[in-house]
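Have a look at the sequence and the model, then read on.

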Amino acid sequence: MNQEGFLTKTVAGFTSALESVILNEELAHTRGLIQSLDPRVKLFTFVLLVVIVGLARSFWILAVLTILAAALVYLSRISPGFFIKRALIFLPFTAIVALPALFITLGEPCWQINGRVIITLQGAQTAGFLLLRVMDSLSCGMLIILTTPWNSLLSALRWFRLPAVIIDILGMTYRYIFLLLHTTNSMFLARRSRSSGEFSGSENRRWLAHTLASTLAKSQHLSEEVYLAMLARGYQGEIYTINRLQLQNRDYLWTGITVLAAIVLIWSIYR
Amino acid sequence: MHIPDGYLSPATCGVMYAASAPFWILAVNRVRQVLTHRTVPVLALFSAFIFVLMMFNIPLPGGTTGHAVGGTLLAIVLGPWAAVLGISVALGIQALFFGDGGLITFGANCFNMAVVLPFVGYFIYKMISANSEATSLRRLVGAAVGSYCGIVAAALIAAIEFGIQPALFQAIDGTPLYAPYSLNVAIPTMAIGHMSIAGPVEAIVTGGIFAYLQRTHSSLIKADAPVKKEGKIWLLWGGLAVLALATPIGLLASGTAWGEWGADELKGLGLDFIPQGIEKLTGWWPAPLPDYGFPRMGAVIGYILSAFIGIILIGFIIWLSGRWLSRRNSARQETKTGTMN
C-alpha cells in the first residue's frame, strides 16, 4: 500500500469539507423554493418530516416521501447529481448493513436456486425498509443543510430556545474548524516538501500524533488569545447578534401543508 | 459509530434525548462555574480540534486506516464535563452541516460518544493513573487503556440501542421496521469491530498525543486536579436507576445471549454432545440469583432487583479498589519515572 495513502485520504477529506462549505453557501443563496423559507420554519418542518419518515410503517408512505424529496430538490434548483452525491454518500454503508438481512431472515421464499431458498420475502422487506427509511431521512436532512446558511440555522436554533452559550460555541467552533483545518493542512504540506523516501507505519503514526498534539496545544493557546481579544472588545459573557427573522405568507402556507400532511400520515399509521 | 436516522425508532430517539439532556444541563452549569467567561472561546477551540481530529485517517498495522473520536483525550485535558459539551458540539456540526449522523438520532449519538465514551475513558484513566506524576508511564498507559475501553463501551451501548429495535418495533407481519439485527447479532458484531479496529485506533491516537504532551506540554495534563464533590450527582444516579428499571426489556429477547448458553441450552442449539469441560464446570458456583431472578417473584421484579443488587455490588467493588489504589499510592512516594521514548 502507498505509505502516503493516509495523508492523501486525510487531505482529500479536508478539501471536500471546504468544498462542500463553499457549495452550501452558494446553494443557500440561490433563489429556490426551500431557500425562500424562514430558517425556523425549515428546521421545524424538516425535523417533523424526519420523524414521519421514522414513524412510517408502509412502503407507500416511504415511497411518497422519496418522490416528495426529489420534487423539493428540483424546486430548490439543486442539481440532482450533486444532491445524490452529497446526500447518499452514507447510503452504501447502510446497504452493506442491510445486505445480510436479505439472506438470514426466515420466511416465505422469494427467490430460489435449485429449490434452496436464497432470499425470503420478509428478508427483502426488512432490507427494503431500512434502505428506504435511511435514504428518506438523509434526503430530508440534506435538503435543510444545503438550503440554509449556517448563521440562519443558528438563529433558528436560538429561537427554539437552545441556550445562548451553546449557540455561541457552535458559531465559533464552525469558524475555527477552518482555521485548524488550514493549519494542519499546512503541516502536511510542510512534511511532504521536506521529506523523501518511505516512512514506516509506526513513524507515520508517531508523526500524526505529534501533529495532532501540537494542534491541541495550539488550540489551547489560541483560545486564550481569542478570549483576551474578546475581552478587549468589551465581551462580558454575552454575544449580541442581529436577528432579522420574519415570517412571510409562504412560511405559514408551507408549515400548514407539512403539519396537515403529518397529521394525515400519523392518523393513517395508527388508525 | 454515527447512527444515521432510520436505524432507530423515533421513540428510542426520544428516550436517548432524555437520557442525554441531564448530562448536557449539568455540563453547561459545571463548565460555566469553572471557566466563567472563558467557556465560549475555550470550548469552541477544543470542539474545533475534536472535529479536525475526527477527520484524520490513522494508518493501522496491516494497511487499513481508521478514524478516532478523541473523547477520552478531551476528558483528560479539560475534564469529563467539558468533554461532554465539546464532543456534542463537534457531533452537532457534523450532523447539522455535513449530514454525518442523523437529526433525530443526535441524542443517541451524543449519549454514546459524548457521555459514555468520555466518562468511561476518564474513569479508567483516573483509576490507572491515580496520583502518579503527570509525566509517568503509568499515566500514559492509563490514557491509552482508558480511551480503548471508552470507545468499546460506547460501541456496546450503541449495539444495545439498535439491537433492541427488532424486538420492540415490528410491522404487523413481524417484519422489523428499523435496524433488523437483534442483540445476539448486534453486540458481537459491534464488539469485534471496535475491539479490533476502532479501539486500537483510539488507543494509538490518544496514547501518541498524550506521550507528546507529557514531553512538551505537561501543564495540559492536570495531574492533581482536585476531585470536587458534585451537588447534583443524584441526577446521574437517577439515570442509572431508570436504566435499571428498564432491564426487563432484556426479557423480550428470545433465546440466550450469544456465547452465554448453559449446558442444557447447548443441546437446543443443535450440539449433539455437551463439551466435557462445560459439563464439569456447570453449577460449580451456586449463583445466589440464578438467571437474574428471585424465587417466588415475577420475572420483571426479579430483573429490576437483580439490576440494583448488581449496581450496588459493582459500586462497592469499585469503591474498595479505589481505596486500595489511593492508599497504596500515598504509602509509596513515587519517584519521577522518565517516559522518554
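## Chain B at a glance

Of the 341 residues in chain B, 48% count as buried, meaning under 20% relative accessible area, with exposed meaning over 50% and partly exposed in between (1.4 Å probe, protein chains only). Keep in mind that this is a predicted model, where local features need pLDDT of at least 70, side-chain atom pairs count only at pLDDT 80 or more, and totals for chains, interfaces and linings use all residues. Residues are numbered from 1 along each chain as its sequence is written, chains are lettered from A and ligands numbered from 1 in the order in which they are written, and side-chain values use heavy atoms, with hydrogens and water left out.

Chain B has 12 helices and two strands; these are DSSP runs numbered from the N terminus, H or I of at least four residues for helices and E of at least two for strands. Along the sequence the pattern reads α-α-β-β-α-α-α-α-α-α-α-α-α-α. As for contacts (heavy atoms within 4.5 Å), take those in chain B with a separation of 6 or more: 72% of them join residues 24 or more positions apart.

## Where the two chains meet

The contact draws on 62 residues from chain B and 80 residues from chain A. Together the chains bury about 6400 Å², and carbon and sulfur atoms give 78% of that. Buried area here is the accessible area (1.4 Å probe) that two parts lose on being put together, summed over both. Leu45(B), Phe56(B) and Phe97(B) supply 12% of what chain B buries against chain A, more than any other three residues.

How many salt bridges are there between chain B and chain A? The count is one, using a side-chain nitrogen of Lys or Arg within 4 Å of a carboxyl oxygen of Asp or Glu as the rule. It pairs Glu224(A) with Arg38(B), at 2.7 Å from N to O. On the side of chain B that touches chain A, α2(B) gives the largest share, 15 residues.

Thr120(A) sits in strand β2 (residues 116-120) of chain A and is buried, with a relative accessible area of 5%. Leaving out residues up to four places away in sequence, Thr120(A) touches several others, including Leu102(A), Pro109(A) and Cys110(A).

Two loop residues have a positive phi without being glycine. Arg77(A), at about 55 degrees, lies between α3 (59-75) and α4 (80-87) of chain A and is exposed at 60% relative accessible area. Thr36(B), at about 40 degrees, lies between α1 and α2 of chain B and counts as partly exposed at 46%.
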